[in-house]
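Here is a walk through one structure, from a whole chain down to single contacts. Keep the sequence and the 3D view open while reading.

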Amino acid sequence: MERDKQRQIVEALILASPEPIAAARLAEILPYGKRKRVIELVRELNDAYAAEGRAFEIWEVGGGYQVRTRPEYANYVKQLNRVSALRLSRAALETLALVAYRQPVTRAEIEGVRGVDPGPILRNLIDRKLVRIAGHRDVPGRPMLYATARRFLEVFGLNSLEDLPTLRDLEELAAEVDGAAAPVGEPAPEPEGVAAPSPAAEIADAPEPSGELH
Amino acid sequence: MESRAAAPESGVVIEGPGDEAGYAVKLQAFEGPLDLLLHLIRLNEVDIHDIPIARIAEQYLEYLDLLRDLNIDVASEYLLMAATLAWIKSRMLLPPDGTEEGAEEGPDPRAELVARLLEYQRFREAAHELDGVWRLDRDVFAAQCPKPEAVPDAEREIEVGLFELVEALRSVLAHAPATGAAHELAVETITVRERMLAVMEALEQAPSLEFLQIFEPPDGRPPHRSMIVATFLAVLELVRLAAIRVYQGLDAAGVPTGPIRLRAGADVEDANWRERISELM
(Lines give C-alpha, C1' and ligand atoms only; values in the text may rest on other atoms or scores of the structure.)
Protein backbone atom coordinates (compact mmCIF):
# COMPACT_ATOMS: atom_id res chain seq x y z
CA MET A 1 0.00 0.00 0.00
CA GLU A 2 1.21 3.44 -0.85
CA ARG A 3 2.70 5.40 1.94
CA ASP A 4 0.49 8.44 1.21
CA LYS A 5 -2.61 6.32 1.55
CA GLN A 6 -1.36 4.81 4.78
CA ARG A 7 -0.67 8.24 6.17
CA GLN A 8 -4.18 9.36 5.32
CA ILE A 9 -5.68 6.31 7.01
CA VAL A 10 -3.70 7.04 10.16
CA GLU A 11 -4.89 10.63 10.03
CA ALA A 12 -8.50 9.54 9.65
CA LEU A 13 -8.27 7.08 12.51
CA ILE A 14 -6.72 9.57 14.90
CA LEU A 15 -9.34 12.15 14.00
CA ALA A 16 -12.25 9.77 14.38
CA SER A 17 -11.14 8.15 17.61
CA PRO A 18 -13.15 9.29 20.61
CA GLU A 19 -10.09 9.02 22.82
CA PRO A 20 -6.33 9.00 22.35
CA ILE A 21 -5.51 6.03 20.16
CA ALA A 22 -2.36 3.97 20.71
CA ALA A 23 0.17 3.35 17.97
CA ALA A 24 -0.30 -0.38 18.46
CA ARG A 25 -4.03 -0.06 17.87
CA LEU A 26 -3.45 1.99 14.72
CA ALA A 27 -1.05 -0.65 13.48
CA GLU A 28 -3.76 -3.29 13.93
CA ILE A 29 -6.19 -1.45 11.71
CA LEU A 30 -3.76 -0.06 9.17
CA PRO A 31 -3.21 -2.46 6.27
CA TYR A 32 0.42 -3.58 6.28
CA GLY A 33 0.81 -1.45 9.37
CA LYS A 34 3.58 -1.82 11.86
CA ARG A 35 3.89 0.16 15.03
CA LYS A 36 7.16 1.59 13.85
CA ARG A 37 5.60 2.67 10.58
CA VAL A 38 2.69 4.31 12.42
CA ILE A 39 5.11 6.35 14.51
CA GLU A 40 6.86 7.48 11.33
CA LEU A 41 3.60 8.37 9.65
CA VAL A 42 2.44 10.42 12.61
CA ARG A 43 5.69 12.32 12.54
CA GLU A 44 5.23 12.96 8.83
CA LEU A 45 1.72 14.21 9.46
CA ASN A 46 2.94 16.61 12.12
CA ASP A 47 5.75 17.80 9.84
CA ALA A 48 3.19 18.46 7.13
CA TYR A 49 0.88 20.31 9.50
CA ALA A 50 3.76 22.49 10.63
CA ALA A 51 4.89 23.17 7.07
CA GLU A 52 1.38 24.10 6.02
CA GLY A 53 0.83 26.21 9.11
CA ARG A 54 -2.15 24.24 10.34
CA ALA A 55 -3.79 25.23 13.63
CA PHE A 56 -3.55 21.74 15.07
CA GLU A 57 -1.07 18.97 15.62
CA ILE A 58 -1.00 15.41 16.83
CA TRP A 59 -0.05 14.92 20.47
CA GLU A 60 0.90 11.74 22.19
CA VAL A 61 -0.83 11.69 25.55
CA GLY A 62 -1.33 8.84 27.97
CA GLY A 63 0.05 6.37 25.43
CA GLY A 64 -2.21 7.44 22.56
CA TYR A 65 -2.41 9.96 19.74
CA GLN A 66 -4.84 12.84 19.75
CA VAL A 67 -5.30 15.86 17.51
CA ARG A 68 -5.14 19.08 19.49
CA THR A 69 -5.32 22.72 18.59
CA ARG A 70 -2.13 24.73 18.94
CA PRO A 71 -1.88 26.76 22.14
CA GLU A 72 -1.75 30.08 20.29
CA TYR A 73 -5.43 29.68 19.42
CA ALA A 74 -6.51 29.00 22.99
CA ASN A 75 -8.11 32.40 23.46
CA TYR A 76 -10.37 31.87 20.48
CA VAL A 77 -11.24 28.25 21.09
CA LYS A 78 -12.10 29.04 24.68
CA GLN A 79 -14.85 31.37 23.49
CA LEU A 80 -16.27 28.61 21.38
CA ASN A 81 -16.63 26.11 24.15
CA ARG A 82 -17.81 28.39 26.90
CA VAL A 83 -16.99 25.58 29.28
CA SER A 84 -14.81 26.88 32.03
CA ALA A 85 -11.38 25.34 31.77
CA LEU A 86 -10.23 23.03 34.46
CA ARG A 87 -9.17 25.48 37.12
CA LEU A 88 -6.75 24.30 39.70
CA SER A 89 -5.86 26.34 42.76
CA ARG A 90 -2.31 26.49 44.03
CA ALA A 91 -3.23 24.11 46.83
CA ALA A 92 -4.73 21.68 44.32
CA LEU A 93 -1.66 21.88 42.11
CA GLU A 94 0.68 21.28 45.04
CA THR A 95 -1.32 18.28 46.14
CA LEU A 96 -1.46 16.99 42.58
CA ALA A 97 2.30 17.41 42.21
CA LEU A 98 2.84 15.44 45.40
CA VAL A 99 0.59 12.64 44.20
CA ALA A 100 2.24 12.64 40.79
CA TYR A 101 5.82 12.44 42.03
CA ARG A 102 5.32 10.35 45.14
CA GLN A 103 2.66 7.93 44.00
CA PRO A 104 1.31 5.81 45.45
CA VAL A 105 1.13 8.12 48.41
CA THR A 106 -0.97 8.34 51.57
CA ARG A 107 -2.86 11.34 52.82
CA ALA A 108 -0.56 11.55 55.85
CA GLU A 109 2.50 11.68 53.61
CA ILE A 110 1.02 14.55 51.63
CA GLU A 111 0.14 16.37 54.82
CA GLY A 112 3.68 15.78 56.04
CA VAL A 113 5.12 17.75 53.15
CA ARG A 114 2.50 20.45 52.76
CA GLY A 115 1.77 20.96 56.44
CA VAL A 116 -1.94 21.07 55.64
CA ASP A 117 -4.56 18.32 55.62
CA PRO A 118 -5.12 17.47 51.95
CA GLY A 119 -8.43 15.64 52.49
CA PRO A 120 -10.88 18.02 50.78
CA ILE A 121 -8.50 18.72 47.93
CA LEU A 122 -7.89 15.03 47.31
CA ARG A 123 -11.61 14.42 47.12
CA ASN A 124 -11.92 17.24 44.63
CA LEU A 125 -9.09 15.83 42.50
CA ILE A 126 -10.71 12.41 42.56
CA ASP A 127 -14.01 13.94 41.46
CA ARG A 128 -12.19 15.52 38.56
CA LYS A 129 -10.69 12.14 37.69
CA LEU A 130 -7.14 13.44 38.01
CA VAL A 131 -6.38 11.28 41.02
CA ARG A 132 -7.52 7.78 41.82
CA ILE A 133 -7.40 5.56 44.85
CA ALA A 134 -4.78 2.90 44.26
CA GLY A 135 -5.51 0.50 47.07
CA HIS A 136 -4.31 0.46 50.65
CA ARG A 137 -0.89 0.36 52.17
CA ASP A 138 -0.33 -2.83 54.10
CA VAL A 139 0.45 -1.20 57.43
CA PRO A 140 -1.69 -0.82 60.54
CA GLY A 141 -4.72 1.30 59.76
CA ARG A 142 -4.46 0.33 56.09
CA PRO A 143 -4.33 3.94 54.84
CA MET A 144 -5.60 4.58 51.35
CA LEU A 145 -3.07 5.13 48.61
CA TYR A 146 -3.48 7.83 46.00
CA ALA A 147 -2.09 7.85 42.49
CA THR A 148 -2.67 9.90 39.37
CA ALA A 149 -5.39 8.74 37.02
CA ARG A 150 -5.10 8.34 33.28
CA ARG A 151 -6.95 11.60 32.84
CA PHE A 152 -4.07 13.36 34.56
CA LEU A 153 -1.74 12.43 31.70
CA GLU A 154 -4.26 13.63 29.13
CA VAL A 155 -4.92 16.93 30.84
CA PHE A 156 -1.26 17.74 31.30
CA GLY A 157 -0.29 16.45 27.88
CA LEU A 158 2.06 13.77 29.15
CA ASN A 159 2.63 10.52 27.39
CA SER A 160 3.61 8.73 30.57
CA LEU A 161 4.65 9.59 34.10
CA GLU A 162 8.24 9.52 32.94
CA ASP A 163 7.53 12.73 31.06
CA LEU A 164 6.98 14.64 34.29
CA PRO A 165 9.57 17.37 34.69
CA THR A 166 12.32 16.14 36.97
CA LEU A 167 12.11 17.28 40.54
CA ARG A 168 14.69 19.80 41.55
CA ASP A 169 17.70 18.70 43.46
CA LEU A 170 17.44 19.64 47.12
CA GLU A 171 20.96 21.08 47.33
CA GLU A 172 20.39 23.26 44.33
CA LEU A 173 17.11 24.42 45.81
CA ALA A 174 18.69 25.29 49.13
CA ALA A 175 21.16 27.57 47.42
CA GLU A 176 18.34 29.34 45.66
CA VAL A 177 15.97 29.70 48.56
CA ASP A 178 18.68 31.46 50.48
CA GLY A 179 17.58 35.01 50.67
CA ALA A 180 18.61 37.32 47.92
CA ALA A 181 19.06 34.67 45.28
CA ALA A 182 15.39 34.48 44.55
CA PRO A 183 13.09 37.34 43.71
CA VAL A 184 10.28 37.85 46.17
CA GLY A 185 7.60 38.21 43.59
CA GLU A 186 7.95 34.77 42.05
CA PRO A 187 7.13 35.69 38.50
CA ALA A 188 4.92 33.23 36.77
CA PRO A 189 6.80 31.88 33.81
CA GLU A 190 5.17 31.94 30.45
CA PRO A 191 3.63 28.61 29.60
CA GLU A 192 5.78 28.40 26.50
CA GLY A 193 8.91 28.81 28.52
CA VAL A 194 8.23 26.04 30.94
CA ALA A 195 6.24 23.49 29.14
CA ALA A 196 8.02 20.91 27.17
CA PRO A 197 5.30 20.53 24.59
CA SER A 198 4.72 16.96 23.73
CA PRO A 199 3.46 16.98 20.20
CA ALA A 200 4.08 13.50 19.02
CA ALA A 201 6.77 14.44 16.52
CA GLU A 202 9.19 15.21 19.26
CA ILE A 203 8.69 12.28 21.52
CA ALA A 204 7.54 9.62 19.19
CA ASP A 205 10.84 7.84 19.57
CA ALA A 206 10.38 7.42 23.27
CA PRO A 207 9.53 3.82 24.08
CA GLU A 208 5.92 3.47 24.92
CA PRO A 209 5.29 1.92 28.29
CA SER A 210 2.29 0.05 27.05
CA GLY A 211 0.77 -0.36 23.66
CA GLU A 212 -2.80 -0.64 24.81
CA LEU A 213 -4.94 2.22 25.90
CA HIS A 214 -6.71 0.43 28.66
CA MET B 1 -11.56 25.49 52.43
CA GLU B 2 -8.17 24.87 50.94
CA SER B 3 -6.22 27.07 53.27
CA ARG B 4 -8.34 28.15 56.10
CA ALA B 5 -5.95 30.77 57.37
CA ALA B 6 -5.33 33.29 54.69
CA ALA B 7 -8.20 31.90 52.76
CA PRO B 8 -8.52 34.46 49.96
CA GLU B 9 -7.19 33.31 46.63
CA SER B 10 -3.52 33.96 46.22
CA GLY B 11 -2.75 37.40 45.01
CA VAL B 12 -5.70 38.96 46.77
CA VAL B 13 -4.84 42.26 48.34
CA ILE B 14 -6.75 43.22 51.41
CA GLU B 15 -6.68 46.92 52.05
CA GLY B 16 -6.15 47.93 55.63
CA PRO B 17 -8.04 50.79 57.25
CA GLY B 18 -7.99 53.17 54.34
CA ASP B 19 -8.36 56.41 56.25
CA GLU B 20 -4.99 56.14 57.91
CA ALA B 21 -2.74 58.08 55.58
CA GLY B 22 -2.17 55.60 52.78
CA TYR B 23 -1.76 52.69 55.12
CA ALA B 24 -2.59 49.46 53.40
CA VAL B 25 -1.78 45.91 54.32
CA LYS B 26 -0.81 43.67 51.52
CA LEU B 27 -1.96 40.28 52.58
CA GLN B 28 -0.81 37.39 50.56
CA ALA B 29 -2.63 34.12 50.73
CA PHE B 30 -0.48 31.31 52.01
CA GLU B 31 -0.98 27.66 51.44
CA GLY B 32 -0.03 26.68 54.94
CA PRO B 33 2.56 27.37 57.61
CA LEU B 34 5.50 26.19 55.50
CA ASP B 35 4.49 28.49 52.67
CA LEU B 36 4.36 31.41 55.08
CA LEU B 37 7.74 30.53 56.57
CA LEU B 38 9.38 30.32 53.18
CA HIS B 39 7.97 33.72 52.39
CA LEU B 40 9.42 35.19 55.56
CA ILE B 41 12.83 33.64 54.88
CA ARG B 42 12.88 35.23 51.46
CA LEU B 43 11.67 38.53 52.77
CA ASN B 44 14.49 38.61 55.30
CA GLU B 45 17.08 37.43 52.82
CA VAL B 46 18.52 34.91 55.20
CA ASP B 47 20.33 31.61 54.75
CA ILE B 48 17.89 28.75 54.96
CA HIS B 49 20.50 26.63 56.74
CA ASP B 50 20.99 29.33 59.34
CA ILE B 51 17.56 30.73 60.01
CA PRO B 52 17.49 33.41 62.70
CA ILE B 53 14.71 31.65 64.51
CA ALA B 54 13.94 34.45 66.95
CA ARG B 55 13.37 37.00 64.22
CA ILE B 56 11.42 34.70 61.95
CA ALA B 57 9.29 33.40 64.79
CA GLU B 58 8.45 36.92 65.80
CA GLN B 59 7.36 37.85 62.30
CA TYR B 60 5.42 34.63 62.02
CA LEU B 61 3.45 35.49 65.14
CA GLU B 62 2.90 39.01 63.91
CA TYR B 63 1.34 37.58 60.83
CA LEU B 64 -0.97 35.38 62.85
CA ASP B 65 -1.94 38.43 64.91
CA LEU B 66 -2.71 40.28 61.74
CA LEU B 67 -4.99 37.49 60.65
CA ARG B 68 -6.79 37.63 63.96
CA ASP B 69 -7.20 41.39 63.63
CA LEU B 70 -8.83 40.78 60.31
CA ASN B 71 -11.11 38.22 61.90
CA ILE B 72 -9.71 35.41 59.82
CA ASP B 73 -9.72 32.08 61.56
CA VAL B 74 -6.22 30.81 62.01
CA ALA B 75 -6.10 27.16 61.17
CA SER B 76 -4.61 24.79 63.71
CA GLU B 77 -1.65 23.89 61.52
CA TYR B 78 -0.44 27.51 61.76
CA LEU B 79 -0.63 27.33 65.54
CA LEU B 80 1.24 24.05 65.57
CA MET B 81 4.03 25.66 63.59
CA ALA B 82 4.09 28.59 65.99
CA ALA B 83 4.62 26.12 68.81
CA THR B 84 7.36 24.37 66.87
CA LEU B 85 9.13 27.67 66.28
CA ALA B 86 8.90 28.50 69.97
CA TRP B 87 10.34 25.12 70.84
CA ILE B 88 13.26 25.53 68.46
CA LYS B 89 13.90 28.99 69.82
CA SER B 90 14.11 27.67 73.35
CA ARG B 91 16.43 24.87 72.30
CA MET B 92 18.71 27.41 70.65
CA LEU B 93 18.91 29.38 73.87
CA LEU B 94 20.15 26.39 75.82
CA PRO B 95 23.93 26.26 76.22
CA PRO B 96 25.42 23.71 73.86
CA ASP B 97 27.21 21.89 76.65
CA GLY B 98 26.03 20.76 80.05
CA THR B 99 23.02 19.06 78.63
CA GLU B 100 22.00 15.57 79.53
CA GLU B 101 23.78 13.99 76.56
CA GLY B 102 27.10 15.47 77.46
CA ALA B 103 28.25 15.34 73.87
CA GLU B 104 29.90 18.40 72.32
CA GLU B 105 27.10 19.60 70.18
CA GLY B 106 23.73 18.06 69.56
CA PRO B 107 22.12 18.29 66.18
CA ASP B 108 20.94 21.70 65.11
CA PRO B 109 17.39 21.98 66.45
CA ARG B 110 16.48 23.73 63.22
CA ALA B 111 17.62 20.89 60.97
CA GLU B 112 14.31 19.09 60.78
CA LEU B 113 12.43 22.26 59.99
CA VAL B 114 14.90 23.15 57.26
CA ALA B 115 14.47 19.73 55.70
CA ARG B 116 10.71 20.14 55.71
CA LEU B 117 10.94 23.61 54.23
CA LEU B 118 13.13 22.44 51.40
CA GLU B 119 10.94 19.47 50.68
CA TYR B 120 7.88 21.66 50.59
CA GLN B 121 9.67 24.19 48.42
CA ARG B 122 10.48 21.43 46.00
CA PHE B 123 6.86 20.51 45.51
CA ARG B 124 5.69 24.08 45.49
CA GLU B 125 8.00 24.55 42.55
CA ALA B 126 6.86 21.33 40.90
CA ALA B 127 3.28 22.55 41.22
CA HIS B 128 4.27 25.82 39.63
CA GLU B 129 5.89 24.00 36.77
CA LEU B 130 2.90 21.73 36.34
CA ASP B 131 0.73 24.81 36.10
CA GLY B 132 2.91 26.09 33.28
CA VAL B 133 2.48 22.98 31.17
CA TRP B 134 0.08 23.32 28.27
CA ARG B 135 -3.12 22.08 29.70
CA LEU B 136 -6.01 20.43 27.96
CA ASP B 137 -9.07 22.68 27.72
CA ARG B 138 -7.07 25.67 28.86
CA ASP B 139 -4.26 25.97 26.31
CA VAL B 140 -4.93 23.20 23.89
CA PHE B 141 -8.16 21.58 22.81
CA ALA B 142 -8.69 18.10 21.54
CA ALA B 143 -10.42 17.46 18.27
CA GLN B 144 -12.56 14.60 19.38
CA CYS B 145 -15.27 12.49 17.95
CA PRO B 146 -18.06 11.79 20.40
CA LYS B 147 -18.16 8.20 21.50
CA PRO B 148 -20.67 6.24 19.48
CA GLU B 149 -23.69 5.45 21.57
CA ALA B 150 -23.83 1.93 22.83
CA VAL B 151 -25.97 -0.16 20.52
CA PRO B 152 -28.92 -1.49 22.49
CA ASP B 153 -29.32 -5.23 22.49
CA ALA B 154 -32.57 -4.94 20.58
CA GLU B 155 -30.79 -3.52 17.56
CA ARG B 156 -28.63 -6.57 17.19
CA GLU B 157 -31.22 -9.13 18.01
CA ILE B 158 -32.08 -12.45 16.54
CA GLU B 159 -35.42 -14.10 16.84
CA VAL B 160 -35.45 -16.92 19.31
CA GLY B 161 -36.30 -20.45 18.22
CA LEU B 162 -38.78 -22.65 19.98
CA PHE B 163 -35.98 -24.77 21.35
CA GLU B 164 -34.43 -21.86 23.24
CA LEU B 165 -37.84 -20.89 24.49
CA VAL B 166 -38.51 -24.34 25.89
CA GLU B 167 -35.05 -24.34 27.47
CA ALA B 168 -35.95 -21.08 29.19
CA LEU B 169 -39.24 -22.53 30.33
CA ARG B 170 -37.42 -25.45 31.89
CA SER B 171 -35.30 -23.15 33.97
CA VAL B 172 -38.41 -21.32 35.12
CA LEU B 173 -40.05 -24.58 36.10
CA ALA B 174 -36.95 -25.69 37.91
CA HIS B 175 -37.28 -22.71 40.21
CA ALA B 176 -41.00 -23.14 40.78
CA PRO B 177 -42.00 -24.73 44.08
CA ALA B 178 -42.72 -28.39 43.74
CA THR B 179 -46.42 -29.03 43.99
CA GLY B 180 -46.91 -31.81 46.45
CA ALA B 181 -49.90 -33.72 45.19
CA ALA B 182 -51.44 -34.18 48.61
CA HIS B 183 -51.57 -30.47 49.24
CA GLU B 184 -52.78 -29.49 45.83
CA LEU B 185 -55.39 -26.81 46.25
CA ALA B 186 -57.37 -25.44 43.42
CA VAL B 187 -56.77 -21.88 44.46
CA GLU B 188 -57.62 -20.11 41.28
CA THR B 189 -57.67 -20.94 37.67
CA ILE B 190 -55.29 -18.97 35.58
CA THR B 191 -56.26 -18.69 31.96
CA VAL B 192 -54.02 -18.24 28.99
CA ARG B 193 -56.12 -15.26 28.03
CA GLU B 194 -55.46 -13.55 31.34
CA ARG B 195 -51.76 -14.12 30.95
CA MET B 196 -51.80 -12.78 27.39
CA LEU B 197 -53.44 -9.61 28.60
CA ALA B 198 -51.03 -9.35 31.51
CA VAL B 199 -48.01 -9.67 29.22
CA MET B 200 -49.38 -7.05 26.84
CA GLU B 201 -50.09 -4.72 29.73
CA ALA B 202 -46.62 -5.16 31.08
CA LEU B 203 -45.23 -4.34 27.65
CA GLU B 204 -47.12 -1.09 27.70
CA GLN B 205 -45.20 -0.10 30.80
CA ALA B 206 -41.76 -1.11 29.54
CA PRO B 207 -40.30 -1.27 26.05
CA SER B 208 -39.08 -4.78 26.65
CA LEU B 209 -39.27 -7.46 29.28
CA GLU B 210 -37.02 -10.25 30.29
CA PHE B 211 -38.54 -13.62 29.58
CA LEU B 212 -38.15 -14.82 33.14
CA GLN B 213 -39.71 -11.65 34.47
CA ILE B 214 -43.17 -12.33 33.05
CA PHE B 215 -43.59 -15.46 35.12
CA GLU B 216 -43.47 -13.60 38.36
CA PRO B 217 -46.92 -12.98 39.84
CA PRO B 218 -47.50 -9.39 40.90
CA ASP B 219 -47.57 -10.32 44.59
CA GLY B 220 -43.95 -11.44 44.48
CA ARG B 221 -44.57 -15.06 45.49
CA PRO B 222 -42.76 -17.77 43.55
CA PRO B 223 -44.83 -18.61 40.50
CA HIS B 224 -47.13 -21.58 40.60
CA ARG B 225 -46.75 -24.24 37.92
CA SER B 226 -50.14 -23.59 36.44
CA MET B 227 -49.17 -19.93 36.25
CA ILE B 228 -45.95 -20.81 34.43
CA VAL B 229 -47.62 -23.07 31.94
CA ALA B 230 -50.38 -20.57 31.23
CA THR B 231 -47.88 -17.81 30.76
CA PHE B 232 -45.73 -19.88 28.42
CA LEU B 233 -48.73 -20.74 26.29
CA ALA B 234 -49.69 -17.07 26.33
CA VAL B 235 -46.27 -16.13 25.00
CA LEU B 236 -46.52 -18.69 22.19
CA GLU B 237 -49.96 -17.45 21.32
CA LEU B 238 -48.87 -13.83 21.29
CA VAL B 239 -45.93 -14.67 19.04
CA ARG B 240 -48.26 -16.43 16.67
CA LEU B 241 -50.43 -13.34 16.57
CA ALA B 242 -47.31 -11.24 15.94
CA ALA B 243 -48.33 -9.22 18.98
CA ILE B 244 -44.91 -9.69 20.52
CA ARG B 245 -41.45 -10.61 19.41
CA VAL B 246 -39.11 -12.79 21.35
CA TYR B 247 -35.44 -12.14 20.85
CA GLN B 248 -31.99 -12.45 22.26
CA GLY B 249 -28.88 -10.28 21.85
CA LEU B 250 -25.84 -11.25 19.82
CA ASP B 251 -22.32 -10.84 21.01
CA ALA B 252 -19.54 -9.52 18.81
CA ALA B 253 -18.95 -12.94 17.32
CA GLY B 254 -22.61 -13.30 16.40
CA VAL B 255 -23.39 -15.88 19.07
CA PRO B 256 -26.73 -15.42 20.83
CA THR B 257 -26.12 -14.29 24.36
CA GLY B 258 -27.82 -12.73 27.33
CA PRO B 259 -31.36 -13.14 28.52
CA ILE B 260 -34.24 -13.83 26.19
CA ARG B 261 -36.45 -10.74 25.99
CA LEU B 262 -39.94 -9.86 24.83
CA ARG B 263 -40.95 -6.79 22.94
CA ALA B 264 -44.23 -5.58 21.55
CA GLY B 265 -44.78 -6.35 17.89
CA ALA B 266 -44.27 -3.73 15.23
CA ASP B 267 -47.88 -2.57 14.81
CA VAL B 268 -49.00 -3.18 18.34
CA GLU B 269 -49.54 0.48 19.15
CA ASP B 270 -52.61 1.06 17.06
CA ALA B 271 -54.19 -2.32 17.60
CA ASN B 272 -56.65 -2.84 20.34
CA TRP B 273 -55.18 -5.96 21.81
CA ARG B 274 -57.55 -6.29 24.65
CA GLU B 275 -60.40 -6.74 22.26
CA ARG B 276 -58.57 -8.93 19.85
CA ILE B 277 -57.41 -11.32 22.55
CA SER B 278 -60.90 -11.48 23.98
CA GLU B 279 -62.28 -12.33 20.58
CA LEU B 280 -59.76 -15.03 19.91
CA MET B 281 -59.73 -16.80 23.21
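**From chain to core**

In chain A, 34% of the 214 residues are buried. The model is a predicted one, and the description here follows that prediction. Chain A contains 11 helices and five strands. Of the contacts in chain A with a separation of 6 or more, 58% are between residues 24 or more positions apart.

In soluble globular proteins, nonpolar side chains tend to be buried together. How many residues does the largest nonpolar core have here? The count is 71 residues, and those with the most contacts inside this core are A:Val10, A:Val38, A:Val42, A:Leu96, A:Ala97, B:Leu37 and B:Leu130. Helix H5(A) gives the most to the core, with eight residues. Another core lies apart from the largest one. This other core has 24 residues, including B:Ala168, B:Phe215, B:Ala230 and B:Ala243.

Helix H5 of chain A spans residues 90-102, and helix H6 of chain A spans residues 107-114. The two pack at an angle of about 120 degrees, with their axes 10 Å apart. Because angles of 65 to 115 degrees count as roughly perpendicular and those over 145 as roughly antiparallel, this angle makes H5(A) oblique to H6(A). The crossing of H5(A) past H6(A) is right-handed. On the H5(A) side, the contact is made by A:Glu94, A:Thr95, A:Leu98 and A:Arg102; on the H6(A) side, by A:Glu109, A:Ile110, A:Val113 and A:Arg114. By type, the residues of this contact are three nonpolar, one polar and four charged.

Helix H1 of chain B covers residues 33-44 and helix H2 of chain B covers residues 53-69. Their axes come within 10 Å and cross at roughly 125 degrees, which means that H1(B) is oblique to H2(B). H1(B) passes H2(B) in a crossing that is right-handed. Which residues of H1(B) meet H2(B)? They are B:Leu36, B:Leu37, B:Leu40, B:Ile41 and B:Asn44, and in H2(B) they meet B:Arg55, B:Ile56, B:Gln59, B:Tyr60 and B:Tyr63.

Notes: Residues are numbered from 1 along each chain as its sequence is written. Chains are lettered from A and ligands numbered from 1 in the order in which they are written. This is a predicted model: local features need pLDDT of at least 70, side-chain atom pairs count only at pLDDT 80 or more; totals for chains, interfaces and linings use all residues. Axes are lines fitted to C-alpha atoms, for helices over the stretch in contact, and angles run from 0 to 180 degrees between N-to-C directions. Helices (H or I, at least four residues) and strands (E, at least two) are DSSP runs, numbered from the N terminus. Angles under 35 degrees count as roughly parallel, over 145 as roughly antiparallel, 65 to 115 as roughly perpendicular and the rest as oblique. A crossing is left-handed if the near helix is turned anticlockwise from the far one by less than a right angle, and right-handed if clockwise. Two residues are in contact if their C-beta atoms, placed from the backbone, lie within 7 Å. Ala, Val, Leu, Ile, Met, Phe, Trp, Tyr, Cys and Pro count as nonpolar, Asp, Glu, Lys and Arg as charged, and the others, Gly among them, as polar. A nonpolar core is a set of buried Ala, Val, Leu, Ile, Met, Phe, Trp, Tyr and Cys residues joined through C-beta atoms within 7 Å. A residue is buried if 20 or more other C-beta atoms lie within 10 Å of its own, exposed if 12 or fewer, and partly exposed in between; C-beta atoms are placed from the backbone.
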